[in-house]
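Hi,

Here is the structure I said I would pass on.

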Amino acid sequence: MEWLTDPWTSEIMRRAFAEAIVMGAAAGALGCFVLLRGLAFLGESVAHTLILGVVVAFLLGGPVALGAVGAAAATVGLSSLLAADRRFSVDVSMGVLLPSFFGLGVTLIALTDGYRARLEDTLFGAILGVTDLDLGLAAFVALAAAATLLLAGKELALVAFDRPMARAMGYRVGLLDLLLFALVTLVAVVALRAVGNVLLTAMLLGPALSARLLTRTLWPMVALAGGLGTLAGVLGLYWSYSSAVGGGPAIVLVVAMLFALAAGGRAAITLVR
Amino acid sequence: MTAAVSVDGLGVAFGARAALQDVSFTVPAGSFVGILGPNGAGKTTLLRALLGDVAHTGRLAIERPVAYVPQLSDAQGAFPIDALGVVLMGTYPRLGWWRRPSGADRDGARELLDRVGLADRARSTFDELSGGQRQRVLLARALAQEGRVLLLDEPLSGTDARSRELVLDVIAEQCARGRTVLMTTHDLAEAARVCDRMLVLNRGLVAEGTTEEIFTEDVLRRAYGGDVLVLDGRPAVIDDPHHHAPRERV
């Protein structure tokens, strides 16, 4: 049983587990809304625009998490400004912001001598290096996500299912959208630390996709996706601890394996019927 | 008799294209109104303007709450929700933000599913239901909203005979209770049989009034152009399924 308890003896690993569990649950649960609203591109875009904030934070000597939050806020703010024009959808405005922010970030990296060595952390995560601020942010985001789903979960579901009806019922659909985008962005900031820029979308969509295959209605799907995200975080860290695989890639690979299992199970059920 | 809907000089434009211009009419409470017109005439647009879902010019007054049954879209089929869950969405505005539907709300929703002939499908997911069944679930949701005015977009198209009769039964019952129903349809003969008032559109209002006033060759020719045939003194529109304009853009 040593393999089970050994990782928990190290302070670094305990922090990593805490980050992975909280991030996995929040990303899994919110990922369901990203999936059902067809916002996969939003997650991807936010992930790529964050790199600018990370680099700027590094240049200014501030905490990376704050830089990411700043870039995320700028992304959501600017894209909802653009999307207010009926000719642009959220996707389109993100499509404009993504290359601009990403390009600017990469340019800054090229001009900054000291940063290139840390680029890998931004791309693939550095879950073994989480700070108190990272953990605090992760806890805050998870609480905010839980509170939102508790207070406005059924309204978010209504908007996802039938937008015109939600509007006709008097709900401020635009505000609910903004709330969802803001939460997804915050989760992206947290996941950036854990699994990195490139792998972040997998964390957001993988557990949600697996849960969609195995459930019939929304709330069981959200609960299962949160659970699968957490499971992937924990299993991935165990794997990473006992091998040379990095934490971020290991977690994302477990997400992919869980999806393969879910898809296989689903196919088997269909065959048997 | 009080007016449930009154519209004066209503106009809706999508960009430079005018979808509806200068539409004025009133609907007495308790009426069942058929909204007719060729494809692209602005039928769905009128419903969405009444719903407050598209920007419009002119004056518009409608008794609230307004319930709406949209045209079927495939997108909704992918959403993980069962029939009972859809009906319960109709109770959300009454519940407020954090409250979940109660046991009584659930019983009520089950009764409404029974009313539209789907008592045994409460736990079926939306994508397991046929087109007609989905539409009836959405009708049950509209009933759960306890709307004073019901807006139904093509509730009779693409459905089987049993669905049609159930839907028409429910509409008649709602009208008898003083509620007002506006329904778009491209089925003229059916509308003439069941509606007590008609509203004929073609980017603007062509005619409006009781079914007897409207169902004349002259009015129909103005709305549908040359595709009107007179048989035994009753006008009919030649509905060529291979020559439909693209669906109305909304």
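Keep in mind that this is a predicted model. I started with chain B, where 6 strands make up an open sheet of mixed pairing, ordered S5-S6-S7-S3-S8-S9. The edges are taken by S5(B) (66–69) and S9(B) (205–210); each has a single partner strand, so one side of each is left without a neighbour in the sheet. From one strand to the next, the twist averages 15°.

At the S5 end, S5(B) pairs with S6(B) (residues 149–153) in the parallel sense, over 4 bridges. Helix H5(B) (residues 131–144) lies across S5 and S6 of chain B and runs at about 175° to S5(B).

Chain B also has an open sheet of 3 strands, in the order S2-S1-S4, with antiparallel pairing. Here S2(B) (17–28) and S4(B) (57–62) are the edge strands with a single partner each, so each has one side without a neighbour in the sheet. The twist averages 15° from strand to strand. S1(B) (residues 3–14) and S2(B) are joined over 8 bridges in the antiparallel sense, and Val12(B) stands opposite Leu20(B) in S2(B). H1(B) (residues 43–51) turns up again: it packs on this sheet, touching S1, S2 and S4 of chain B, with its direction at about 115° to that of S1(B).

Now for the interface. Chain A puts 24 residues in contact with 29 residues of chain B. Between them the two chains bury about 2400 Å², with 61% of it on carbon and sulfur atoms. Lys154(A), Phe161(A) and Arg216(A) supply 33% of the area chain A buries against chain B, more than any other three residues.

The rule finds 3 salt bridges across the interface. Asp162(A) forms a salt bridge with Arg141(B), and the closest N and O atoms are 2.6 Å apart. There are also 11 residue pairs in polar contact between the chains. On the chain A side, the elements giving two or more residues are helices H7 (132–161), H8 (163–168), H9 (173–214) and H10 (218–241). H7(A) gives the most, with 10 residues. By class, that side has 17 nonpolar, 1 polar and 6 charged residues.

Cheers

Definitions and conventions:
Residues numbered from 1 in each chain as written. Chains lettered and ligands numbered in written order. Predicted model: local features only at pLDDT ≥ 70, side-chain atom pairs only at ≥ 80, totals over all residues. Heavy atoms only, no water. Pairing = 2+ DSSP bridges. Axes fitted to C-alpha atoms, helices over the stretch in contact; angles between N-to-C directions. Contact = heavy atoms within 4.5 Å. Buried area = accessible area lost by both parts, 1.4 Å probe. Salt bridge = Lys/Arg side-chain N within 4 Å of Asp/Glu carboxyl O. Polar contact = N/O pair within 3.5 Å; in protein donor to acceptor, adjacent residues only side chain to side chain. Nonpolar A, V, L, I, M, F, W, Y, C, P; charged D, E, K, R; others polar.
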